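Q: I'd like to learn how to read a model like this one, feature by feature. Can we go through it together?

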Amino acid sequence: MSERITVRAPAKINLHLGVGAPREDGFHPLETVYTSIGLYDDVAAVASSEWSLGLDAAPYVDASAVPLDDTNIVAAAARALAALHGVPVTASVTITKGIPVAGGLAGGSADAAAALVALDRLLDLQTADDDLLRLAAELGSDVPFALHGGHALGTGRGEIVTPLPAGDAVLWWVVVPSTSGGLSTPAVYRHYDELSPSVSPEPAPATAVLSALRAGDVVALAAALHNDLQAPAVDLRPDLGDLIAAGEAAGALRGLVSGSGPTVVFLCADADAARGLAGVLQEDGHTALVANGPVAGAHLVNGL
Ligand code: ATP
């Protein structure tokens with residue numbers, strides 16, 4: 001039987017997302033604090049002389065929004081490895097999606113990171129860590145963090161990742177994916193520029209979030225959560241503001257738009273609080289997933 005390599009990669013939440021004015025190359029400078037949560041995509045690869053890509057998706061995931069042609073970021077990861085090593089990179093690959101698509105949770109980036117690790121291992125390419133991180137950054141700003149996991153500081157356009165200590169605090173989240181379509185990340189950034197035309201070139205610093213993480217203080221962390229993209233996301237989708245208010249009224253320490261949205265995440269005091277809040281939101285008709293973190297970045301879950 002052919003060997004099958006399965007690599008799991010987590011979704012991310014930005015505990016802090018400071019966005020500066022666009023640079024000359026059009027990218028916005030960021031200061032962000034990433035954290036990984038136990039909501040995953042798996043990428044499984046089996047040796048094959050031809051490339052193929054398939055998808056299994058959780059019921060709350062919009063599978064039709066994931067292209068299975070060459071534009072899938074997993075196919076781009078295979079091409080990047082092929083170019084680096086000068087060898088054909090083919091495999092029969094299946095993505096199992098638990099991370100909502102276009103939700104601001106970096107699901108595509110998780111797939112890219114998982115694919116880099118799975119294909120490297122399947123084909124015994126022995127890519128050096130530095131090369132893997134460089135390819136990851138070329139594939140997308142959030143891909144290096146999906147390799148690292150844990151908590152990390154992101155600068156540049158988010159692709160310069162400095163791991164932070166995991167700390168003692170387990171963070172309990174309730175994740176509410178949008179059931180009425182995704183928000184395009186470029187559209188949310190464009191709306192940010194429209195709403196904040198005179199923003200400083202320097203992104204807002206992550207000082208408060210970093211010190212709450214150092215102290216392992218979940219209540220202080222809840223107060224410090226910061227997302228500059230929340231205002232434009234809520235302006236485009238006012239229902240997100242209503243959802244945040246409902247979750248906070250039902251006991252969350254804090255609700256926050258995740259990245260560019262439209263997923264809303266709630267930080268809760270502990271596991272019981274998270275399960276209780278998820279129950280309330282489910283009764284209101286929402287999909288509400290409980291996940292904790294920080295968790296490991298892209299890692300092998302079976303195979304060689
Ligand atoms: P980010 O927060 O990094 O901007 P996101 O979580 O909002 O990302 P993704 O789920 O990564 O969004 O998907 C963004 C778009 O990328 C999708 O709408 C889809 O067209 C395209 N895409 C390409 N490959 C994938 C993949 N493997 N999984 C999901 N989307 C993919």
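A: Helices (H or I, at least four residues) and strands (E, at least two) are DSSP runs, numbered from the N terminus. In helix H3 (residues 129–139), the buried residues are Leu132, Leu135, Ala136, Ala137 and Leu139. Bear in mind that this is a predicted model, where local features need pLDDT of at least 70, side-chain atom pairs count only at pLDDT 80 or more, and totals for chains, interfaces and linings use all residues. Residues are numbered from 1 along each chain as its sequence is written, and side-chain values use heavy atoms, with hydrogens and water left out.

Q: How do I read a nonpolar core, and which residues touch the most other members of the largest one?
A: A nonpolar core is a set of buried Ala, Val, Leu, Ile, Met, Phe, Trp, Tyr and Cys residues joined through side-chain atoms within 4.5 Å. In the largest core, with 63 residues, Leu119, Trp173 and Leu221 touch the most other members. H2 gives the most to this core, nine residues. There is also a second, separate core of 26 residues, which includes Val19, Trp172, Val174 and Val257.

Q: Now the charges. How many salt bridges are there?
A: Side chains of opposite charge can pair when their charged atoms come close. A salt bridge is a side-chain nitrogen of Lys or Arg within 4 Å of a carboxyl oxygen of Asp or Glu. By this rule the count is seven. One of them joins Lys97 and Asp41 at 2.5 Å, N to O. Lys97 sits in strand E4 (residues 91–97) and Asp41 in strand E2, so this pair ties together parts 56 residues apart in sequence. Both Lys97 and Asp41 are buried. Asp41, Lys97 and Asp111 are linked in a network of salt bridges.

Q: Which residues come nearest to the ligand?
A: A residue is near a molecule or strand if one of its heavy atoms lies within 4 Å of it. Of the 21 residues around the ligand, Ala102, Ala106, Gly108, Asp111 and Thr185 come nearest. For polar contacts, think of a pair of N or O atoms within 3.5 Å; within protein, one must be able to donate a hydrogen and the other to accept it, and residues adjacent in sequence count only if both atoms are side-chain atoms. An N or O atom in the side chain of Asp111 is 2.8 Å from a nitrogen atom of the ligand. Lys97 places a polar side-chain atom 3.3 Å from a ligand nitrogen atom.

Q: Is Lys12 buried or exposed?
A: For charge, Lys and Arg count as positive, Asp and Glu as negative, while His and the chain ends are not counted. Lys12, in strand E1 (residues 4–19), is buried yet has no salt bridge; Asp142, the nearest side chain of opposite charge, is 4.2 Å away. The side chain of Lys12 does make a polar contact of 2.6 Å with that of Asn14, and reaches the backbone oxygen of Gly104 at 3.1 Å.

Key:
Buried means under 20% relative accessible area, exposed over 50%, partly exposed in between (1.4 Å probe, protein chains only).
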